[in-house]
Amino acid sequence: MNFIFKEIVTASMVLFAVIDILGSIPIILSLRKKVGHIQSEKASIVAAVIMTAFLFVGERILGLIGIDVNSFAVAGAFVIFFLALEMVLGITLFKDDEVETASVVPIAFPLIAGAGTLTSILALRAEFHVENIVVAIVVNIIFVYLVLKSSARIERLLGKNGLHVIRKIFGVILLAIAVKLFATNVNQLFIN
């Protein structure tokens, strides 16, 4: 076991920035309004399982179905782009009338363990020891769980106008992340 504090901190910070659960608060709150209840525990556990499984077998799974990491990242950029458009423009693109609670879709996947997060996990694996990345995943999932559990309190604290402003600001940030993810990976599609 090679537990290295610096690697754990760096991997945790990278995942924290990519998951951006604080920026997702407006999405979580709007989902809660649509479906009435968010299963915080289930969403957190499923996201942790997806992220950990992808850490160990992600590249092989993508290889088996003939998808390279760059294609996966470009697809993730589109998902993030459309989520950001919802936030900035105040429109609804994700519609699922039959959902009664929000947990696995869209919270665990693609909001928490989305293409950007999974791509980042593959990138981290190339640089850091696996056990340090697992610890970083656990740290982030604990934080995600706390945010999901206290979303109602956060909503009361920020108020309707505060949430509206945060939603627009983080929507623009998500758009920028989507564009960067797309631009970084789209060139590699044509080189290979």
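Which residues in α1 are buried? The model is predicted: local features need pLDDT of at least 70, side-chain atom pairs count only at pLDDT 80 or more, and totals for chains, interfaces and linings use all residues. Residues are numbered from 1 along each chain as its sequence is written, and side-chain values use heavy atoms, with hydrogens and water left out.

Helices are DSSP runs of H or I with at least four residues, numbered from the N terminus. Helix α1 covers residues 5–19. The buried residues of α1 are Glu7, Ile8, Ala11, Ser12, Leu15 and Ile19; buried means under 20% relative accessible area, exposed over 50%, and partly exposed in between (1.4 Å probe, protein chains only). Viewed down the axis of α1, these buried residues fall within an arc of 125 degrees, so they line one face of the helix; the arc is that of the directions from the helix axis to the C-beta atoms. Phe5, Lys6 and Met13, on the other side of α1, are exposed. The cover over the buried residues of α1 includes α3, α5, α6 and α7. After α1 comes Asp20, with a positive phi near 50 degrees.

Lys149 is partly exposed, at 44% relative accessible area, and Glu41 is partly exposed, at 37%.

Technical notes: Helices (H or I, at least four residues) and strands (E, at least two) are DSSP runs, numbered from the N terminus. The expected span of a helix is 1.5 Å times one less than its number of residues. Contact means heavy atoms within 4.5 Å.
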